[in-house]
Amino acid sequence: MNSKNIFRHAGFICCILFCATFFSCSKENASDVNQSKIYSDYEVFYDSNSDKTWVVARFRFGGATGTILELDSTAYVKFNTDTLPYNVVFQAHFKEYAGRITTGTFTYRNLNNDVYVNTLPAYDTIAFADDFDTIRKSAANTIAWAGSPLAANDNVGIFIGGWQWGQAALKLQTGAGSTSMVLGTNETSSLQPGPATCYMDRATDVAITQGTTEGGRIRGKYRARTKVVQVVP
């Protein structure tokens with residue numbers, strides 16, 4: 001799986017992802033398109049480093065990779081009772097909350113007055129193991145996490161490195177029952193010796209139950225506390 005797919009499924013939310021994914025996309029108003037061709041993507045993302053939750057509702061025309069849409073006119077999307085305003089940075093309808101949100105419902109009404117309601121799936125916590133402090137470039141590394149094994153529709157993604165292009169490693173684990181993942185030498189070869197910051201996200205990602213024929217996804221995501229490790233030859 002290439003890095004583009006890993007980022008899409010593991011959902012690493014960082015400045016690199018914003019630049020590569022969000023700002024490169026064009027936007028239209030939802031009133032300009034066929035309402036039955038709108039794809040819905042909902043996410044509740046908790047970052048344990050900041051103790052904040054981001055609630056994101058993104059709409060696209062024609063499918064998961066279609067043109068991003070801003071709901072306008074009488075169309076809206078709510079999370080519980082809060083109407084989510086459009087955010088130009090996220091290119092999505094967005095609201096930030098203090099603390100971790102574990103339950104909630106997205107309600108989307110389009111310009112045809114069709115209403116679609118989707119409930120956030122339960123999503124689990126995760127943390128780096130206490131003894132994880134070193135990555136070897138010259139050998140495969142097994143990275144276990146503190147937390148329950150993966151269930152169906154779960155995934156865990158890891159990103160290791162800094163902000164310099166080409167000096168990072170990333171991996172996605174989707175196997176049900178997994179409690180670890182293996183980074184091979186082909187994945188660690190670009191890391192530079194010295195300290196490296198590690199990010200780890202766990203997500204439960206399922207199809208929406210109510211939507212247009214284009215469908216959509218809804219996920220809950222938990223980011224572990226980041227960890228600095230030493231990369232050695």
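User: What counts as a strand here, and when do two strands pair?

Analyst: Strands (E, at least two residues) are DSSP runs, as are helices (H or I, at least four), and both are numbered from the N terminus. Two strands pair if DSSP finds at least two bridges between them. The model is predicted, so local features need pLDDT of at least 70 and side-chain atom pairs pLDDT 80 or more, while totals for chains, interfaces and linings use all residues. Residues are numbered from 1 along each chain as its sequence is written, and side-chain values use heavy atoms, with hydrogens and water left out.

User: In the hairpin of β9 and β10, which residue takes a positive phi?

Analyst: Asn113 does, with phi near 65°; the hairpin has five residues between the strands. Strand β10 covers residues 115-119 and pairs with β9 in the antiparallel sense over five bridges. Within this pairing, Thr105 stands opposite Thr119.

User: What is the order of the strands in the open sheet?

Analyst: Strands of a sheet pair through backbone hydrogen bonds, either parallel or antiparallel. Here the order is β6-β5-β9-β10, four strands with antiparallel pairing. β6 (82-83) and β10 are at the edges with a single partner strand each, so one side of each has no neighbour in the sheet. Strand β5 (residues 76-79) meets β9 (residues 105-109) over four bridges. Phe79 faces Phe106 in that pairing, and Lys78 has Thr107 as its bridge partner.

User: How many aromatic pairs are there?

Analyst: Rings of Phe, Tyr and Trp (its six-membered ring) pair if their centres lie within 6.5 Å; planes under 30 degrees apart are stacked, over 60 edge-to-face, and the rest tilted. The count comes to 13 aromatic pairs. One of them is Phe90 with Phe94, stacked at 4.0 Å centre to centre and 15° between the planes. Tyr108 and Tyr116 form a tilted pair, because their planes are at 35°, with the ring centres 5.9 Å apart. Ring pairs also link Tyr108 and Tyr116 into a cluster with Tyr42, Phe59, Phe79, Tyr97 and Phe106.

User: Is Tyr108 buried or exposed?

Analyst: Buried means under 20% relative accessible area, exposed over 50%, and partly exposed in between (1.4 Å probe, protein chains only). Tyr108 is buried because its relative accessibility is 1%. Tyr116, at 14%, is buried. Phe90 is buried at 7%, and Phe94 is buried at 12%.

User: Which ring does the charged end of Lys27 sit over?

Analyst: A charge sits over a ring if NZ of Lys or CZ of Arg is within 6 Å of the ring centre and within 35 degrees of the ring normal. Lys27 has its charged end over Tyr86, 5.4 Å from the ring centre. Lys78 lies over the face of Tyr76, at 5.5 Å.
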